[in-house]
Amino acid sequence: MTDLNNTTPPLMKVFLFGSCRVAWLVLGGCTSQAYTPTPLSVYRQDAHLSAAHFLEAAGTASAPIKPKLASETQEFTLNQAVQAALQADPRIAAAFEGINQAQADLLTAGLLPNPQVSTDIQLMPLTRTFTVTRQGGPPQFDISVAMPIDWFVFGKRAAAMVSGAKGVDVAEADFANTVRVRIAATISAFYDVLEMQAMLELAQENLDNLAKMENIIRNRVAFGGVGTIETDRIRLSIFSSRRDVHARELDLAAARNRFRALLGIAEATPLKVKGSLEVGNLAKPISIESALQWAAENRPDLASLREQLAKANADIKWEETKAYPAITPSVGYTRQFQQQAIGYPDADSWMAGVSVSVPLFDRNQGNIGKAKSVYNQTQLNLQAQLVDLRAEIDQAVQTFTSAYQFLTSDDPGQLEAAKNVRDKITQAYELGGKTLIEVLDAQRAYLETYRVHISGRSSYWHSLYQLNAAMGKEIVR
């Protein structure tokens, strides 16, 4: 393989679940080396929350991405492009904030309810002062502390924490899926640039060859070997080739702009990609059923729907606990000011009580019904996603199999043969043994053969990474 192929296997292994701690490292850009996935164990945020794998597998480290001036060309390998996309993409950062929000909801669910403190002073004189002869009151001061306990008695807090923990799992899976999709798009854009670069180089080579042929024809016309009609004919071919070069330049500019956007580069910085479309060892296709099994185990969007289903089930139980009554015991202290009001010593006393709501009409029927509907809705969404997954995997497997078959059936010497035919016919034309039509046909055959060569290898890399992205993990390598 080329040096690019040595760096490609680890890249698809990022299509796994997201760990908050690892994501913070990626988004914070605190590592000094370029993006190279390495095995990571399961992290735990606290006793109630476990974070899943975000990156796994090993790969060779590439050079770190160094900041450059706006006018200086930036060159990216595939690993560096993925790292830059992970660090710069605001969509990934926004998805990561979803994890922070879910953790905040979990924190809120685990908080104990605040106690309630009430105080009052009552039986105060309004129009006259209370005395022994003109008794009233006596005035008193009350203070009480109430603390609800239904969160403990009926398990309301525990049910809320289970729902919050499932919410974090959903956010992590959604974050991992955002990373998976964005990395797949970055890799696709990387190979788009490589393909457009190769197509532009081929178009430029074709234009140069036609320009050389024009010089040959001019010399032959000068010596009377051919007529001026061949000069006009080669000029038409050159004009067509120039249009092709211009079209390829526009294609390359569009591919670079898409690549630049995925890397989060807003400045008009010149970009280059470092790699090759050539294939060393072909990865063998796998069956659709095997790909489906891998996707079912590794796709974070499926994991998100499963976690949503678990959260919906937890929400039903949470809503059901809310139907239980609110129980609030309280204790209090009373100070009665009797000395002046009725002639008895001031007195201290205490009280205890409990208030219980009576769920006679509102038993949270609406929210329980809604939670059950959300559960059913999530089940249907999961079924729909599995149907869509089948179609996606089927297409990805067939596309990769077709690209594989093309490369295995492609004659390695076909391109060299077309080049030799072109060169020999051109030489024969210089000596007067071939016509210009034969020269242009040979040049056209070489051009089409080379384009097929480029497209075939680009399709192989695109379909390989698309298949691995569809499965959520690097399986085909």
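# Reading rings, core and strands

Mentor: The protein has 13 helices and 8 strands. Helices (H or I, at least four residues) and strands (E, at least two) are DSSP runs, numbered from the N terminus. This is a predicted model, where local features need pLDDT of at least 70, side-chain atom pairs count only at pLDDT 80 or more, and totals for chains, interfaces and linings use all residues. Residues are numbered from 1 along each chain as its sequence is written, and side-chain values use heavy atoms, with hydrogens and water left out.

Trainee: How many aromatic pairs are there?

Mentor: General idea: a pair of aromatic rings is described by the distance of the centres and the angle of the planes. Rings of Phe, Tyr and Trp (its six-membered ring) pair if their centres lie within 6.5 Å; planes under 30 degrees apart count as stacked, over 60 as edge-to-face and the rest as tilted. Here the count is 12 aromatic pairs. Take Trp 461 and Tyr 465: their ring centres are 6.3 Å apart and their planes are at 25°, so the pair is stacked.

Trainee: Where do Trp 461 and Tyr 465 lie?

Mentor: Both are in helix H13 (residues 436–471), 4 residues apart, about one turn of the helix. They also belong to one aromatic cluster, whose members include Phe 76, Tyr 191 and Phe 259.

Trainee: Is Trp 461 buried or exposed?

Mentor: Buried means under 20% relative accessible area, exposed over 50%, partly exposed in between (1.4 Å probe, protein chains only). Trp 461 has 3% relative accessibility, so Trp 461 counts as buried. Tyr 465 is buried too, at 6%. Across the protein, 42% of the 477 residues are buried.

Trainee: Which residues have the most contacts inside the largest nonpolar core?

Mentor: In soluble globular proteins, nonpolar side chains tend to be buried together. A nonpolar core is a set of buried Ala, Val, Leu, Ile, Met, Phe, Trp, Tyr and Cys residues joined through side-chain atoms within 4.5 Å. The largest one here has 82 residues, and Tyr 191, Phe 259 and Ile 393 have the most contacts inside it. Helix H6 (residues 156–222) gives the largest share of this core, 23 residues.

Trainee: Which strand is hardly covered?

Mentor: Strand E4 (residues 116–122): among its 7 residues, the count of buried ones is 0. Two strands pair if DSSP finds at least two bridges between them. E4 is joined by 7 bridges to strand E5 (residues 140–146), and the two run antiparallel. Look at Asp 120: its bridge partner in E5 is Asp 142.
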